[in-house]
Structures are given as structure tokens and as C-alpha cells.
Amino acid sequence: MADLNLPSEPAIARLGTGRVVLNSLLIVIGLGLLFAPFLFPDVRSQEVAARICVFIVLAASYDLLIGYTGIVSFAHTTFFGLGSYGVAIALKSVGPNWPAIILGAASGVALSIVLAVMIGLLSLRVKSIFFAMVTLAVGSLTLVVASQLSGITGGEDGMTFQVPHFFSPAFRLAANASGGTLRLLGARMDGKLLLYYFVLASAAILLFLMLRIVASPLGTVLKAIRENDTRAEAIGYRVVVYRTAIFCIAAVIAALAGTLWALWLQYAGPQATLSFSIMIDILLMVVIGGMGTILGSVIGVVLMTLAQFYLQDLMKLATAATRAIPGLPQVFNPDRWLLWLGLVFILLVYFSPAGIVGTLTKRDGGR
Amino acid sequence: MTEHLLRLDDVRTDIGHYHILHGVSLVIPEGGVHVLLGRNGAGKTTTLRTIMGLWRAARGAIIFDNRDITGSHTADIARLGVAYVPENMGIFSTLTVLENLRLATATGAFNNERLDRAYDLFPAIRQFRDKRAGTLSGGQKQMLAIARAIIERRRLILIDEPTKGLSPAIIRAMIGVFREIALETTILLVEQNFLFARSLGDSVAVIDDGRIAHSGAMASLAADSGLQTRLLSLSLDAHG
Amino acid sequence: MAEAPTSDSLPWYRALANVNWLPAALALAAFAAIGSPATWVTLTVAGLAMGMMIFLMASGLSLVFGLMDVLNFGHSAFVTFGAFIAATVLARLAGWNTADTPFLSVVALLLAIGAAALFGLVAGWFFERVIIRPVYQDHLRQILVTIGALIVAQELVMVFWGGSPVSVPRPLILSGSLVFGDISIEIYRIFAVILGLIVYVGMHLGLNRTRIGLLVRAGVENREMVEALGFRIDRLFIGVFMVGSALAALGGAMWAGYETLIAPDLGSEVLVLVFIVVIIGGLGSVEGSLIGALLVGLTNNYVAFLMPKLALASTMILMVLVLIWRPLGLKPAAKG
């Protein structure tokens, strides 16, 4: 353990510019999401905002896994899917009410724990690269199974279902003069709004939970294991137990994220939750934001989601501008936004593996 | 001055955050068997691996045959005439015994005289030469590892705990083998077994906690029981 | 000192229990289940052909991982590019591919395959130097970087060839089937099997009869010791990587001719199959890759006929079964 020789300055003075930038960004994002229905009342922006909330939780749970154990797994979308399908099946079969939601979420979580324990134990028996490949196969297997079991899961097309009345657009939070739904600052005060704030609040709680976990003694032990698991074992920490514990926690949170996602979409399907591209997306988000930081996922998710839209617009401009030169327009084709993101990702992994948050916090002679 | 074949000057080696060697200084003259004694964790294996370039010395210098090999690549160090017989023997189990030996030759062709000599020293090698090396017993694998080190002429052979897990009969046989090998080359032998070392070594250095605690002629250590007790209680596991 | 029993000196009945027989055992079991010889032959040939193509794609990856402990998720990018390059060459040389010019159509075929393999060699060299080399020891970053490379490669395919599927003009001499009574066997599949066998034999000879092969086999087992014997194994690695990438591209080219319709996500689709084969076969082993690939190819085709609903999952189930029996794969060569 290194000796700490901190200068005795007041706490505020020790906050470097990096941290200030980071905190400001986080505050802006938080406020943006909080007031999204009023700031951006159109349907598309609502979808984007909800997606950001859910994926922040999902990506952060993945960071809990790869950032704090250093083990890469490609089966994470499986938990996301279990939560989604759990709640979907429950709502469809039991009915659109709270008990169904809780039942669905609980089953998704329970299955996720079982799967997480199995995967966690496997990770300790085999080398990390072998493990990564096996989880890739498992993730694929889940996708295939979900697409095939049409009786239960609705097959490739997925399943739609009804959410409780108070989450639906028909539900009126407040009426206007003529008896219709009140619009406050452009936003409809209906069940959908309620659903959005439910998703946002749940996401915030789960995020807060994760931050508490990494700040807790459990988090410290995990960091020690990540640094050097042999030594941690020698000191007396049973690495098996801790790793499996964090696998389970990450899985549970991912499953809960899946629950939120299904509720919001009123839909659960293989492409929406289990696809390899979602897995890649959260991997990119975590790495770009900064592995092992939890808050990095917030930055990463927002960045990638915005990139998906605005980068495409930027590239449309570039396509038009380079129309004269043969070949170039194709490179700047807005459909190819992932190409540029991929290049950025590669560069980040090489030069700045700490990601955005890591780089910002390191500038103050961080931890 | 080339009076010393190998010299370590205040070598420090770290593995990750952990400092293993805290300044090892050692000289090995040409010819004979030189023993490095020490208990588990003292830094014996680390010393050999640092010499071989498998681990990088953080500070200090390693001079072999008047040449600074401190940052050199393992393969280059081997080409200078240094052989390494690691603790786990480094036998390639999926290759045959003969293929294992062939890898130790510079060109793939055997010097038949030396091959015959290896066969004479280790009859089991001749017997199983076309068998997969993984099917050999522990003792036979150790023989193969040593045979591999002498199949071509070397200046220096680094051997890490060759007697580990072997029966007393085999260990006794090895003493003769090593003595014969030492006639044409220099051996740096790492051991925990003091009695084995004593019957073989010309000089001895004792490493404890990453530093050399004693060095000198084996004869004087063997004669000084008081010194033995002191160092024994410090560092050694005596095996019968 | 007692000698432990080895496979070199086993009684004949123990030798039969060798995993090498698994594909044959599977084929036999399938015959019992299918019944009709004609159908069985068609399915078996299809399975063998598919297996051989996947073997081409997988063997390089297995060796690279076994030798240098590097996992290249971008490996399947070579497959995709190989497929598209071969398709383009065949399309450009369509004029040669007529019934009246059998010689020219063979040349066109060889050019297509050759172009794919050449691309694999060159791109492999570039890939190893630029993408892999900076992250040698770091498994986590390797996984991340090579996935990034996979994404970028897939996008590049779409830049060059557009996003929609491309149809592949199968060479005429390889089209059609051989008919024996009830049984019909596609000529292309026979070609795939023969090519695969040639490559396997070539690799086997190369690994077992040459000095470089000796170094590769030793290095797969214990890289450090090979260096301690005086060999710069990193120089060897780039050669192995290039060959592995060329084989992957070759596999892709063959796959293009097999499917006759290829899409840019071809690489990701086969990535999982390739990984499963490498897992089943064991890391670092060419024989393991062959057995694993044949098992996967055969299983896929048999199950598609017998239990169509299970077809997609069958490969994964196979992998799970093998892992339960042999957690490190059937014939692992590297420490794993």
C-alpha cells in the first residue's frame, strides 16, 4: 500500500479542473434528464431520454463487472433480457398491475442470480480469454433460444403487452379547461410522463446503489483483487466469493434495467435486449466513459447516444461536401457513424484506457 | 578483467509492486559448480530469471563474459552460451524426447559425440528418445532438461532446484552427473537442499530476503558448523 | 522407474477411444437416426464441407492464441474481406466463367482464392504490427482493441461494397452435382472438403516436419522456454499470424462460394462458430480445430434435418457437452 502524502490544503482547493469539468458535466446531464419532458417535448427525444436512463444503469452494471474485476464477459445482455422477458411474460399472463411487475422483476432477477453464479464460477476455472469466448457463445445461445421459443417469448418478433393503466398515455395526471390532458410547458401530463419519471427515479436509485457499493468495503476489496488477486488471496480474501458476489450484483442490476426497458417500450424482444450490437454498445460506452469509474458510464452513454444522432447529421454534411471526390462520400456516409466511433474507441483504448472520466480525474494527480 | 564469468552488481528486481531483489551482488568465476542457497521466497529463482532476462532488473547491472547483458533479450542471452533449466524443467510434453533435444541445438543437427555422451549420462533418454516427453517420469524429465542444457557446449548453465521431488537414489546419481558436466562448463545451481549443495559446490552464496547474506568457498562453510547453524536458522531447509 | 502408459503404446481398444474418432462416431449415430442412405450421404458431405471451411477459419485463430496468447476478435474480419474480395474477383472475371472455357474458369477460381489469401497475408501483417503488437501482454485491452477493429472492418466492408448483400457467381466447374442413383453430392462441397484436407495435411507436415513447425509446437506449449533456448519467438509470431489470417480469408472465400449470397455481417455471424470450434478443439491445436470443426459442421447439418427447431442452438449445446466432458477442449496444446 502506498504512503499517502497529501498536502494540507482545503478540500475545495484540491479539486482540480478535471473534477470540476466532470462534475459540471454530470450536473448538466442530470438536469437535462430531469427536465427532458419539458425541455424536449417531442416523442423522439422522450425515447432518447428514456433510453439514456436505462442504458446508464445497464452500462454501469457492466462497468461493475469489467471495471472492477477486469474480466470481460459477453453474456451481460442475457441478464438484461431476463429482466425484460420476466416482466413482459408476467404482465402478459397475470395482467397489467403492480404485483405482475414485481413478480416479473423478481423472476428475472432470480434467474439472473443463478446464471451469474454459474458464470462466475466458470470464470475462475479457465483463463480470461477462454472465458470471454465462452460468454460470447452463451450470449449467442440466449439470443437463439429467445428467438426460437415463440410460445413463451414471442419468438423473433418479441412480445408486446399492456402496462398498468397509470403508466399509459390515456391516464390523465391533470386535466385542462376542456377536460383533456393538461400540457405543462409543452409536455403532456399523462401516464407516459409518470412512466418516464418512474424510469428516471429507478435508474437514479440503482446508480446511487452502485456508487455506494464501490465506495464500500466491498469495493475496496474488489479493487485489491483487481490489482493482484494472488496477493489478495494470500492476505485472506476468498477471491471466489467476492468475484461471484460482484457478478451477481452486476447481473441483478442489469436485470432490473431490463425490467425498466420492457416497461418503457411495452415490448420485449431479442433484438431489443439480447443482440450482439447492444453488447458492443455497452462495451463501447463503458470504455469510452472510463472503466472502473461507474460515473464513466453516464458520460459514455450520453456521448454515444448523442453521437448516434448528431454525428450522423455531421456526416451528412461531410458527404455533401465531398461529393466531388470519388470514394470519400461513402466514408462519410452517415450510416457509417459507427466506423468513426470504432476508430475513436480504438484510439481511446491505446492512448487513454482510463476513458474520459479517468483522464479527467487523473489530471489532478488523482488516485 | 575476465576473471569472472558472471557478475551481478547491486541488482534490484521488482515484480509488479513488489520488490523481490533488493540489491544482489554476486560474482561467479569460470569453471566449477557455484551454489545459491536460500529458503522459499528468498529470491533464488528471481535471481536466475533476472540473469536470463526473463525478468527485467530495475536497477543494477549484469555482466556476462565482459558483456553487459542487463537489458538483453532472453534469446540473445541464450545465444551467448547461457543455458537455463527452470524449476518446472520446461520440458515440451507434446514433443518427443529427441525433438526436445533438437531444439537445444543451434542448427537442428546433432553433434553425435555429444549426443552419445548425453545418452551415456542419462540412459533413459536413449531408451525413450522417440516417445512423447510428457510420458516420462519426474526424474526422467529432469534428466532430459539437464541433457538439453549440455547437448551443445555452453559457457554457463543456470539450474533451479533440480532435486525437488526426486528420490534420494536419483539425487545421489545426479551428483556424479553434475560433477562431470562441471568439468567443461560453469554451473550456477540454486538449491534449498544444503547437503546436496555441499557435496557438489565449489563456492556458495546464501540469499535471504533479496540480498546476499553470505558468500565464500563451500569448503569453509562446510567446516564452520557455527556459521552453518546461523545461516541454517536464517535460511535453509536441510534435507536428508 | 515405472513408465506411465502413453497413447504411443496403448492396446488397440484403448486407442479406439481416441477423440479423433468422434466425427465418425457422430456420423454413425446420425445414420442410425436418419435411416435413408441417400439423405445421410448428402447431409454428411454438406457437414464435412461446412466443417472444412470453418476449420480454415478457425485453425489460424487457435494457433495464434496458443502461440502468443493473443485473442483476436478481429479474426473474422479477414473472413469477411476474403469472402467479398473473392466475390468481386469472380464477378469481374465473369466472362471467363463460361461452359466453353473450362480452363479459364479454373484460372478465375484460382485467382479469386489467391486474391483472398494474399489479402489475408498482407492485412495480417499490417494488423499484427499496428493493432496487436502494442497490446501484447494485456488481455483486456487486446479484447477491446480487436473488437474495435472488428467493428471498423465491418464498416469498411460497407464502405467499399455497400450495405446490402452481394451475390457470388459460383464458378461453373464447381457447380452442379454428382449423381449416383438416389444419392446426389454437390461438386462444390467435394471441392471444399478436398481443399480443406490439402490445407490440413500441409499444416500437419509443416508443423511436424520442419524446424519452424517444431518451434511453433514448442512455443504453443511454453513460449518462455523456447526463448531461453535462443529463439526470438516474436519474429515467428508474425509469420504465424499472417498465415492464420490468410487461412481465414481463404475460408471466407470458400464460404462465399458456398452461400452464394454474402452480407457484411458475415464475419460476426461466423465469429461465434469459429470460437466454438476453437473452444471445442482446444487452444493451440490444429488437430483439435479440425475435429471441432467437423463436429460442428456435421452437427449443424444433421440437426437441421432431424430437429429443425434445435438447429441454431445445437452447436452451442455441443460446446456445452464437450466442455462438461473436457473443460479445456478435446486436444488442447497450450496451457489453458
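How many residues does H17(A) have, and how far does H17(A) reach from its first C-alpha to its last? I looked this up first. H17(A) has 15 residues and reaches 21 Å, close to the 21 Å expected at 1.5 Å a residue. The expected span is 1.5 Å times one less than the number of residues in the helix.

Ground rules. I am working with a predicted model, in which local features need pLDDT of at least 70 and side-chain atom pairs count only at pLDDT 80 or more, while totals for chains, interfaces and linings use all residues. Residues are numbered from 1 along each chain as its sequence is written, and chains are lettered from A and ligands numbered from 1 in the order in which they are written. Helices (H or I, at least four residues) and strands (E, at least two) are DSSP runs, numbered from the N terminus.

Entry: burial in H17(A). I call a residue buried if 20 or more other C-beta atoms lie within 10 Å of its own, exposed if 12 or fewer, and partly exposed in between, with C-beta atoms placed from the backbone. By that rule the buried residues of H17(A) are A:Trp337, A:Leu338, A:Leu339, A:Leu341, A:Gly342, A:Phe345, A:Ile346, A:Leu348 and A:Val349.

Entry: H5(A). I checked the span of this helix, residues 76–94 of chain A. Its 19 residues should span 27 Å at 1.5 Å a residue, and the end C-alpha atoms are 27 Å apart, which agrees. H5(A) is mostly covered, with 16 of its 19 residues buried. After H5(A) comes A:Gly95, and the phi of A:Gly95 is positive, near 130°.

Entry: H14(A) against H15(A). I looked at how residues 276–289 pack on residues 295–321; the angle is about 120° and the axes are 7 Å apart. Axes are lines fitted to C-alpha atoms, for helices over the stretch in contact, and angles run from 0 to 180 degrees between N-to-C directions. That angle makes H14(A) oblique to H15(A). The classes are roughly parallel under 35 degrees, roughly antiparallel over 145, roughly perpendicular from 65 to 115, and oblique for the rest. H14(A) passes H15(A) in a right-handed crossing. A crossing is left-handed if the near helix is turned anticlockwise from the far one by less than a right angle, and right-handed if clockwise.

On the H14(A) side they include A:Asp281, A:Leu284 and A:Met285, and on the H15(A) side they include A:Gly296, A:Ser297 and A:Val298. The residues of this contact divide into 9 nonpolar, 4 polar and 1 charged. Ala, Val, Leu, Ile, Met, Phe, Trp, Tyr, Cys and Pro count as nonpolar, Asp, Glu, Lys and Arg as charged, and the others, Gly among them, as polar.

Entry: H2(A) against H15(A). The axes of H2(A), residues 17–34, and H15(A) come within 11 Å and cross at roughly 60°. That makes H2(A) oblique to H15(A). The crossing is left-handed. A:Leu25, A:Leu26 and A:Ile29 in H2(A) meet A:Leu295, A:Val298, A:Ile299 and A:Val302 in H15(A). By class, this contact has 7 nonpolar, no polar and no charged residues.

Entry: chain A against chain C. I found 34 residues of chain A in contact with 33 residues of chain C. On the chain A side, H7 (128–148), H14, H16 (328–331) and H17 (337–351) each supply at least two residues. H7(A) gives the most, with 13 residues. The chain A side has 24 nonpolar, 6 polar and 4 charged residues.

Entry: C:Ile276. This residue lies in H11 (residues 266–281) of chain C. C:Ile276 is buried, with 28 other C-beta atoms within 10 Å. Not counting residues up to four places away in sequence, C:Ile276 touches A:Ala137, C:Val296, C:Thr315, C:Met316 and C:Met319. The C-alpha atoms of C:Ile276 and C:Ala58 are separated by 9.2 Å, and these residues are 218 apart along the chain.

Entry: positive phi. Most residues other than glycine have a negative phi. I noted B:Glu161, with phi near 45°, in the loop between S7 (156–160) and H7 (168–182) of chain B. B:Glu161 is buried, with 21 other C-beta atoms within 10 Å.

Terms used:
Two residues are in contact if their C-beta atoms, placed from the backbone, lie within 7 Å.
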